[in-house]
Amino acid sequence: SAVQDSLYIYDPELDAWREGTALPEPRAFLAGVVHKDEIYALGGRDATRERAEVWRYERGEGRWTSAPALPAAGDALLALAEGTSLYVLGGGRDDRPHLHERFDTLTGSWSTIDTPRQGPWRGAAGGVIGPTLHVVGGWSGEYLSIHEAYQAGFRTFLPLGARGAD
């Protein structure tokens, strides 16, 4: 089948799908993640190669805009959102080390995070519980039966005394 640029939006109140604004370019195996009122589409593959473009879909406006590109092209990535950050993990089609990245939505900048796994790590599933990213399974020449956890953020409670308290 051909690489697609379609976007479909599910409305749970109507229990129905509708077609949204198409991606700027067709992609396969791209990562998608929701952050606040935006949807990010990251990387993927066009008809011939891995891509690094990142697009942000503003649901209220119904349009795609460019966001800073991934530091390296990749497909079959996993994207997760926690706090003000997006995390992109996995990908890779060969044995080259694949860097895992963090995108700061406040500054619009990318940084590399510790790599929980070397080499290709394609098609993993994941979720966020509290400040912890959980990455499960995937493919690296064989199916992986792994569960990696990465504490993405820290929350500290600082009790402050009341005035006049002894």
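**Arginine 122 and its surroundings**

Leaving aside neighbours within four places in sequence, arginine 122 is in contact (heavy atoms within 4.5 Å) with Asp75, Ala76, Gly91, Gly92, Arg93, Gly138 and Trp139. The model is a predicted one, in which local features need pLDDT of at least 70 and side-chain atom pairs count only at pLDDT 80 or more, while totals for chains, interfaces and linings use all residues. Residues are numbered from 1 along each chain as its sequence is written, and side-chain values use heavy atoms, with hydrogens and water left out.

Arginine 122 lies in the loop between β10 (109–113) and β11 (125–129). Strands are DSSP runs of E with at least two residues, helices are runs of H or I with at least four, and both are numbered from the N terminus. Arginine 122 counts as buried because its relative accessibility is 15%; buried means under 20% relative accessible area, exposed over 50%, and partly exposed in between, with a 1.4 Å probe and protein chains only. Its side chain makes a polar contact with the side chain of aspartate 75, at 2.8 Å. A polar contact is a pair of N or O atoms within 3.5 Å; within protein, one must be able to donate a hydrogen and the other to accept it, and residues adjacent in sequence count only if both atoms are side-chain atoms.

The structure holds 6 aromatic pairs. Tryptophan 139 and tyrosine 143 form one that is edge-to-face, 4.8 Å centre to centre with 75° between the planes. Rings of Phe, Tyr and Trp (its six-membered ring) pair if their centres lie within 6.5 Å; planes under 30 degrees apart count as stacked, over 60 as edge-to-face and the rest as tilted. Tryptophan 139 counts as partly exposed because its relative accessibility is 37%, whereas tyrosine 143, at 71%, counts as exposed. Elsewhere, ring pairs link Tyr40, Phe103 and Trp110 into a cluster.

Another tryptophan, Trp17, is found in strand β2 (residues 16–19). Tryptophan 17 counts as exposed because its relative accessibility is 59%.

Buried residues make up 38% of its 166 residues. Among contacts between residues at least 6 apart in sequence, 36% join residues at least 24 apart. The accessible surface (Shrake-Rupley method with a 1.4 Å probe; for residues, only the protein chains shown count as cover) comes to about 10000 Å², of which 52% belongs to carbon and sulfur atoms.
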